[in-house]
Every structure is written in C-alpha cells, then in structure tokens.
Amino acid sequence: MLTVIRGAGDIASGIALRLWRSGIRVVLCEVERPTAIRRTVAFSECVARGETRVEDVTARRAAGPAEALALLREGVIPVLVDPEGDCIPVLKPDAVVDAILAKRNLGTTMDMAPAVVGVGPGFTAGADCHAVVETMRGHTLGRVYYTGSALPNTAVPGLIGGFAGERVLRAPADGVFHQLLDIGAQVEAGQAAGEVDGVPMVCQIGGVLRGILPEGTPVRRGMKAGDVDPRCEAANCYTASDKALAVGGGVLEAVLRLTGALG
C-alpha cells in the first residue's frame with residue numbers, strides 16, 4: 001500500500017512514522033523552504049540537508065516520482081519538493097493525507113486517491129475528503145470523523161506543563177531570522193533564543209528549546225519561530241510528540257478502514 005502525505009513537518013512526520021512502521025509505504029511532499037519549528041523530528045529537514053533521520057527512520061530528498069519509488073525499494077522514505085502534489089497522479093497512491101496544517105484546504109480533493117484524509121481544521125469529510133483527523137489537544141485528539149469536520153482553530157496553543165501561548169516564540173519583526181540557540185538548549189524567561197534584524201525574540205518561560213526556525217529564514221512579525229517546553233526533558237526534543245503519534249494513529253485507522261485493509 002502506498003500513501004502520499006502532503007507536508008513533512010513534525011505532525012506529518014509522526015503520521016509517516018505510524019504508517020511506515022505498520023508496513024505502509026509513504027512519500028512526503030514539501031515546499032522548497034519549509035518552516036517546521038521542531039526540525040529534529042521533521043522529515044522536512046532533508047529538503048535542505050538531503051537526508052535526515054527521525055527516531056529510527058531515514059528520509060531522503062528525491063528529485064521526482066521515479067527516484068521516490070527507488071528510495072522506497074531501499075527502505076528509505078522519499079521527500080519530494082512538490083507543494084502542489086503533482087506526483088499524486090503519477091504515483092497513483094492508495095491514500096492521500098493532507099497534513100500541511102494550514103487550517104484550510106490548499107487543494108486536496110476526494111478524487112486524488114481511493115482514501116483521502118484531511119488532518120485538522122479546514123476539511124469536511126464527505127465534501128473534500130473521506131475522513132478528517134482531530135488535531136486539537138484534549139479528549140478528541142486523534143479521533144477520526146467520517147462525516148463533518150474537526151474542531152475549529154482557536155489560535156491558542158495546547159496546554160503543556162501548565163503553559164499554552166507562553167510556550168510559543170514569535171518573530172519580533174519582519175526580516176531575516178538569526179538563530180541564537182540550538183534545539184535542546186535550556187532557556188530561562190527573558191533569554192533571547194533568536195533575533196530579527198537586531199530585535200530579540202525573548203522566551204516568556206523557562207524550559208527546553210524544543211523547536212526553532214533555522215538560520216536565515218525570512219519571517220514576518222508574529223510568525224511562529226520557536227517553541228519552549230516547560231517540562232525540561234531535553235530527550236523529548238528528539239522523538240515524535242504525543243500529539244504527532246496520536247494524530248498518526250487516527251490517520252492509520254482511517255487509511256486502513258477506507259482502503260478496506262481492515263477487512
């Protein structure tokens with residue numbers, strides 16, 4: 001079975017891990033300049049690096065569908081720079097998963113594959129996809145909806161370690177991002193983790209820097225540029241999150257059910 005996943009950030013990568021470990025081949029599609037924050041657990045890193053590894057799974061950038069299929073035969077997850085999903089009609093996958101997390105549909109349609117799954121708000125099962133998986137932290141995280149939509153976007157980050165919006169670091173100005181600290185660094189409230197044209201991006205709470213944009217990323221003021229985890233477990237920076245795996249479990253259920261693999 002082959003699944004194309006649109007997006008290769010940390011949530012999409014958690015989905016890829018769930019499917020890959022269940023014997024489902026996956027191909028990921030990304031933009032030329034990804035803006036994933038949790039780069040240590042995002043297959044999107046291989047767009048710039050050529051190759052990356054998340055936990056025990058390796059991904060490599062592929063030049064096109066033919067090379068992607070060759071990498072799959074090697075046991076490597078291919079990542080294509082293909083934001084429009086042009087590879088989909090060529091690869092003819094059994095399932096397509098939209099995990100771009102744009103909070104709106106950027107072009108995914110039900111006719112792309114026998115099973116089309118939308119991740120998070122912006123999709124309606126029965127209209128533009130066959131199933132939707134909940135991404136909101138809480139009681140329904142990872143639940144699959146075969147009719148209707150996920151909970152609407154609240155623009156408020158989920159609660160972790162007693163903190164929500166305070167965890168998120170945002171670009172303080174328009175310009176080019178300069179990274180001051182690496183992922184995994186211990187930070188304190190008031191400490192600068194990055195800057196934009198000399199304007200510091202200051203941590204609101206102490207903890208571990210779980211994610212940060214790479215050096216030289218063009219940013220706009222208010223854009224998410226980093227993430228502090230108040231639980232202070234540096235090891236968590238290098239494994240897929242509970243949320244990513246929960247969402248991945250929901251996608252796995254949907255793909256298996258919609259393709260008839262569950263019998």
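**Exercise 1. Is glycine 148 buried, partly exposed or exposed, and what is its relative accessible area?**

Solution. Begin with the ground rules. This is a predicted model: local features need pLDDT of at least 70, side-chain atom pairs count only at pLDDT 80 or more, and totals for chains, interfaces and linings use all residues. Residues are numbered from 1 along each chain as its sequence is written, and side-chain values use heavy atoms, with hydrogens and water left out.

Step 1. Recall the classes. Buried means under 20% relative accessible area, exposed means over 50%, and partly exposed lies in between (1.4 Å probe, protein chains only).

Step 2. Apply them. Glycine 148 has a relative accessible area of 29%, so it is partly exposed.

Step 3. Glycine 148 sits in the loop between strand S9 (144–145) and strand S10 (168–170). Helices (H or I, at least four residues) and strands (E, at least two) are DSSP runs, numbered from the N terminus.

Step 4. List its contacts (heavy atoms within 4.5 Å). Leaving out residues up to four places away in sequence, glycine 148 touches Phe123, Thr124, Ala125 and Val132.

**Exercise 2. Describe the sheet and the place of strand S1 in it.**

Solution. Step 1. Read the order. Nine strands form an open sheet, S3-S4-S5-S2-S1-S6-S7-S8-S9, with mixed pairing. Strand S3 (51–54) and S9 are the edge strands, each pairing on one side only. Two strands pair if DSSP finds at least two bridges between them.

Step 1. Find the partners of S1. S1 pairs with S2 in the parallel sense over five bridges. Valine 4 has valine 27 as its bridge partner in S2. S1 also pairs in the parallel sense with strand S6 (residues 95–98), over four bridges. There, threonine 3 has alanine 95 as its bridge partner.

Step 2. Check burial. All five of the five residues of S1 (residues 2–6) are buried, so the strand is largely enclosed by the rest of the structure. In a regular strand, side chains alternate between the two faces of the sheet. Both faces of S1 are covered: Leu2, Val4 and Arg6 are buried on one side, Thr3 and Ile5 on the other.

**Exercise 3. Which residue does arginine 6 meet in a salt bridge?**

Solution. Step 1. State the rule. A salt bridge is a side-chain nitrogen of Lys or Arg within 4 Å of a carboxyl oxygen of Asp or Glu. By this rule the count comes to 12 salt bridges.

Step 1. Name the partner. Arginine 6 meets aspartate 98, at 3.8 Å from N to O. Arginine 6 lies in strand S1 and aspartate 98 in strand S6, so the pair ties together parts that are 92 residues apart in sequence.

Step 2. Check both ends. Arginine 6 is buried, at 2% relative accessible area. Aspartate 98 is buried too, at 1%.

Step 3. Compare another arginine. Arginine 38 is buried yet has no salt bridge; aspartate 10, the nearest side chain of opposite charge, is 4.6 Å away.

**Exercise 4. How many disulfides does the structure hold?**

Solution. Step 1. Set the cut-off. A disulfide is a pair of cysteine sulfur atoms within 2.5 Å.

Step 1. Count. The structure holds zero disulfides.

Step 2. Cysteine 232 is in no disulfide; the nearest cysteine sulfur, that of cysteine 237, is 10 Å away.

Methods:
Lys and Arg count as positive and Asp and Glu as negative; His and the chain ends are not counted.
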